[in-house]
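Let's walk through this one together, a question at a time. Have a look at the picture first.

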Amino acid sequence: MQLAASICGTPIGLVTLLDERHQWHRASQILKLRDTPREVAFCAHAIRQNDLFVVKDALADQLFGSNPLVTGEPTIRFFAGLGLFRSDGEPMGTFCLVDMAPRILSEEQASALEVLGRQISVRLEAVVQRRALEQALAEKEKASAGLRASEELFRAFMNASPFLSYIKDAAGRLLFYNRSFAQRFGVSEYAWLGRTDEQLWSRKLTKSVRTHDLEVMAGGKMVETEEHIRNTDGTVSSLRSFKFPCHDSAGNVLLAGVAVDVSEEVAHHAELERYHRELEDANDQLRKLAVTDELTGLRNRRSFEERLVMEFSMARRRKRELSVLLIDVDDFKMINDRWGHAAGDEVLRRLGMILRTTVRLPDLPARYGGEEFVVLLPESGEESAMGLARRVMQRVASEDWENEPLTISVGMAAMTESLENGFQLVELADEALYAAKRAGKNRVMVHSG
């Protein structure tokens, strides 16, 4: 027994039927009837029937005896077809069985085909519904493409940001955090999603953070604060945090936060405070001495040397830079001889004022002796010291001097590891000063080492 099965002319596989002796036979051939014209197609007749449409012997059948599918290839002799309909009665096609020999279906076989036809109808309708659902989902996906693109852009921006960013819900659960946040705490970009403050921080820190978060959400405005977070290696980081409430698409209140690591800034500030305390302590001691030059109002040589010893020791111990400027008034003796000592004293006073108003707060200008001045520059290297020297020379050049223009020569030296004390640094600056004098005055020279 050779049978072939198809749906609307498209082969669907091999079908087995039970013959009169209750033995199963498998069809050995599948007919390819995809392009059969409608006017000669057996299926066109089957689709118009309510029940199973059977042609026992097509060659002897009045309707199909002259059909080219019967008289020629593939020489169909037997046909059984059943219309396939949706649950609302709309036709979808036919399920057909064909054979090259006449055949009579038993009642059981006909019933089996009708059951199979109903199953195929259900399956086909499910396929149609699934395709309709897939199309609807595709349209929804297309409509959501712009939103996803915006979300991807948001995540890319946040991950590229050096700031720690996060979003929490009202219960304190993390809904989002960026790559900087993940790297700060040594976790993956998704490991902490959904976790609460209680699951992440100590009890004391959790209480403080949670209280502050609730206050921000209730207040409805951005709040800046400084937080101290323990890192995975046990160190503590200082974060400047900006928290503000926001809302999701459903209108639920969320907490958003952006934080920047200010640990270095805090440490530097603390170091500056310690430095200023040390400086104040040193100043208290210096005030007990006669520390001021009476003529210029600057520190005198003794005060300068006391400070020099302290700054040199601190610079070497903390591996910091230290520089000295040694300044001399050009042709000062000629000023005294030509205009008198009172004019010379006025020059020194005004030069002292220029130094006092030009140097930085940590710098120490002093009268070193006669017409010589010295400036001690803590935490300044050659470049910074040269910048100050040029500014002083510009101030001197632009000053409206009473009798005649004034020029100065400057020698500069910066601290090196070979120096044993601060006085050697002054000696190097003195050598540079004499080099400036020999080079024609009115210039700055740096000790070449």
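Q: In which loop does Glu 379 lie?
A: This is a predicted model, where local features need pLDDT of at least 70, side-chain atom pairs count only at pLDDT 80 or more, and totals for chains, interfaces and linings use all residues. Residues are numbered from 1 along each chain as its sequence is written, and side-chain values use heavy atoms, with hydrogens and water left out. Helices (H or I, at least four residues) and strands (E, at least two) are DSSP runs, numbered from the N terminus. With those names, Glu 379 sits in the loop between β15 (372–378) and α11 (382–398).

Q: Is Glu 379 buried, partly exposed or exposed?
A: Buried means under 20% relative accessible area, exposed means over 50%, and partly exposed is in between (1.4 Å probe, protein chains only). Glu 379 has a relative accessible area of 40%, so it counts as partly exposed.

Q: What is phi of Glu 379 near?
A: Glu 379 is a residue other than glycine, yet its phi is positive. The value is near 55°.

Q: Where is Lys 319, and what is its relative accessible area?
A: Lys 319 also has a positive phi, of about 55°, although it is not a glycine. Its place is in the loop between α8 (301–318) and β13 (322–329). Lys 319 is exposed, with a relative accessible area of 76%.

Q: What is omega for the cis peptide bond of Glu 73 and Pro 74?
A: Pro 74 is found in the loop between α2 (68–71) and β6 (78–85). The bond that joins Glu 73 to Pro 74 is cis, and omega is about 5°.

Q: In what order do the five strands of the open sheet come?
A: Two strands pair if DSSP finds at least two bridges between them. Here the pairing is antiparallel. The edge strands, which pair on one side only, are β9 (174–177) and β10 (223–230). From end to end the order is β9-β8-β12-β11-β10.

Q: Which helix packs on the sheet?
A: The helix touches β8, β10, β11 (236–247) and β12 (253–261), where contact means heavy atoms within 4.5 Å. Its direction makes about 35° with that of β11; axes are lines fitted to C-alpha atoms, for helices over the stretch in contact, and angles run from 0 to 180 degrees between N-to-C directions. The helix is α6 (residues 203–219).

Q: Which residue in β12 stands opposite Ile 167?
A: Strand β8 (residues 164–168) is joined to β9 by three bridges, and five bridges join β8 to β12. On the β9 side, Ile 167 stands opposite Phe 176. On the β12 side, its opposite is Ala 256.

Q: How many of the five residues of β8 are buried?
A: In a regular strand the side chains alternate between the two faces of the sheet. In β8, Leu 164, Tyr 166 and Lys 168 point one way, Ser 165 and Ile 167 point the other way, and all are buried. Strand β8 is largely enclosed by the rest of the structure, because the buried count is five of the five.

Q: Why is α9 called oblique to α10?
A: Angles under 35 degrees count as roughly parallel, over 145 as roughly antiparallel, 65 to 115 as roughly perpendicular and the rest as oblique. Helix α9 (residues 332–339) and helix α10 (residues 341–358) have axes 6 Å apart and pack at an angle of about 135°. That angle makes the pair oblique.

Q: With which side chain does the side chain of Asp 363 make a polar contact?
A: Asp 363 lies in the loop between α10 and β14 (364–369), and at 6% relative accessibility it counts as buried. A polar contact is a pair of N or O atoms within 3.5 Å; within protein, one must be able to donate a hydrogen and the other to accept it, and residues adjacent in sequence count only if both atoms are side-chain atoms. At 2.7 Å, the partner is the side chain of Arg 360.

Q: What distance separates the C-alpha atoms of Leu 364 and Leu 377?
A: Leu 364 is found in strand β14 and is buried, with a relative accessible area of 6%. Leu 364 and Leu 377 are 13 residues apart along the chain, and their C-alpha atoms are separated by 6.7 Å.
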